[in-house]
Amino acid sequence: DAAPQDLFLFERWYFFLMAIAGKTRQLDTLHIARQWNSPGSAGGANEARIGDWFGRMLAPSWSRDFTALVHAASAALAAKDNLPSDEARRRIVNAYRTWVTPHLLADVAAEPTVTLGMALGMGLFRRLLRLSSGNALRRAARTIYRRTPWVSVEAIYGTEWRTRRVSGAAEAFRPVQEFLAKSSTDG
């Protein structure tokens, strides 16, 4: 009924429904070897047509396909394990995130605009944000970030570490400041 257009989402949908139905088994030996997007494979052709994980998430059908996958798999899991639907949905989304994150990260990191500085910056700031708000290191970083005019707003994304004042900026903003300083009764 959902007729998903994304081959890889359809494949994941199939895997979820098979696991929920209990049609899985872990073997101690190699059971099947799968060709991963080899030349001439359906997966390789699909990726060439639609794009990698980052690209396919921009396809017009992706959101509808993903919503249908989560809805169907969540309903099946809720019914099979007697779970509330919101808990089943959370589990399906978490399983999907666990599976797709490495693929998506690899695709995003391969984008030509992503630099090593961006990756380092994002990692640094995410680690700082995981610290408690009272942590001395986090407080020091916040103070530097807020009070140092040469630290760029985009530093938290690693896209631009430092900046400088634009010449004439104060003069350009003077009319705005004057306007904001006027009360509404000044006219």
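Predicted model: local features only at pLDDT ≥ 70, side-chain atom pairs only at ≥ 80, totals over all residues.

Biologist: Okay, then what makes helix 1 and helix 4 roughly parallel to each other?

Modeller: Their packing angle is about 0°, with the axes 10 Å apart. Anything under 35 degrees counts as roughly parallel, so helix 1 and helix 4 get that label. On the helix 1 side the contact uses Leu9, Arg12, Trp13, Phe16, Leu17 and Ile20, while helix 4 brings residues including Trp62, Phe66, Leu69, Ala73 and Lys80. By class, the residues of that contact are 13 nonpolar, no polar and 3 charged.

Biologist: And the overall picture, how many helices and strands are there?

Modeller: There are 8 helices and 0 strands, so the pattern along the sequence reads α-α-α-α-α-α-α-α. Of the 187 residues in the protein, 22% are buried. Among contacts between residues at least 6 apart in sequence, 59% join residues at least 24 apart.

Biologist: How do you know that the length of helix 5 agrees with its number of residues?

Modeller: Helix 5 covers residues 85–109, which is 25 residues.

Biologist: Where in helix 5 does the kink lie?

Modeller: The kink is at Val100, shortly before the proline Pro102, and comes to about 40°. Val100 is also one of the buried residues of helix 5, along with Ala88, Ile92, Val93, Tyr96, Trp99 and Asp107. Their cover includes helix 1 (7–20), helix 3 (53–56) and helix 4 (62–81).

Biologist: What about Asn82, buried or exposed?

Modeller: Exposed: the relative accessibility of Asn82 is 71%, and the cut-off is over 50%. Asn82 is in the loop between helix 4 and helix 5. Its phi is near 55°, a positive value in a residue other than glycine.

Biologist: Ser152 is in a loop as well, between helix 7 (136–147) and helix 8 (169–181). What makes Ser152 buried?

Modeller: Buried means under 20% relative accessible area. Ser152 has 4%, so Ser152 counts as buried. As for spacing, Ser152 and Arg164 are 12 residues apart along the chain, and their C-alpha atoms are separated by 8.4 Å.

Definitions and conventions:
Residues numbered from 1 in each chain as written. Heavy atoms only, no water. Helix = DSSP H or I, 4+ residues; strand = E, 2+ residues; numbered from the N terminus. Expected span 1.5 Å × (residues − 1). Bend = angle between axes of the 7 residues up to and from the residue. Buried < 20%, exposed > 50% of the residue type's maximum accessible area, 1.4 Å probe, protein only. Contact = heavy atoms within 4.5 Å. Axes fitted to C-alpha atoms, helices over the stretch in contact; angles between N-to-C directions. Parallel < 35°, antiparallel > 145°, perpendicular 65-115°, else oblique. Nonpolar A, V, L, I, M, F, W, Y, C, P; charged D, E, K, R; others polar.
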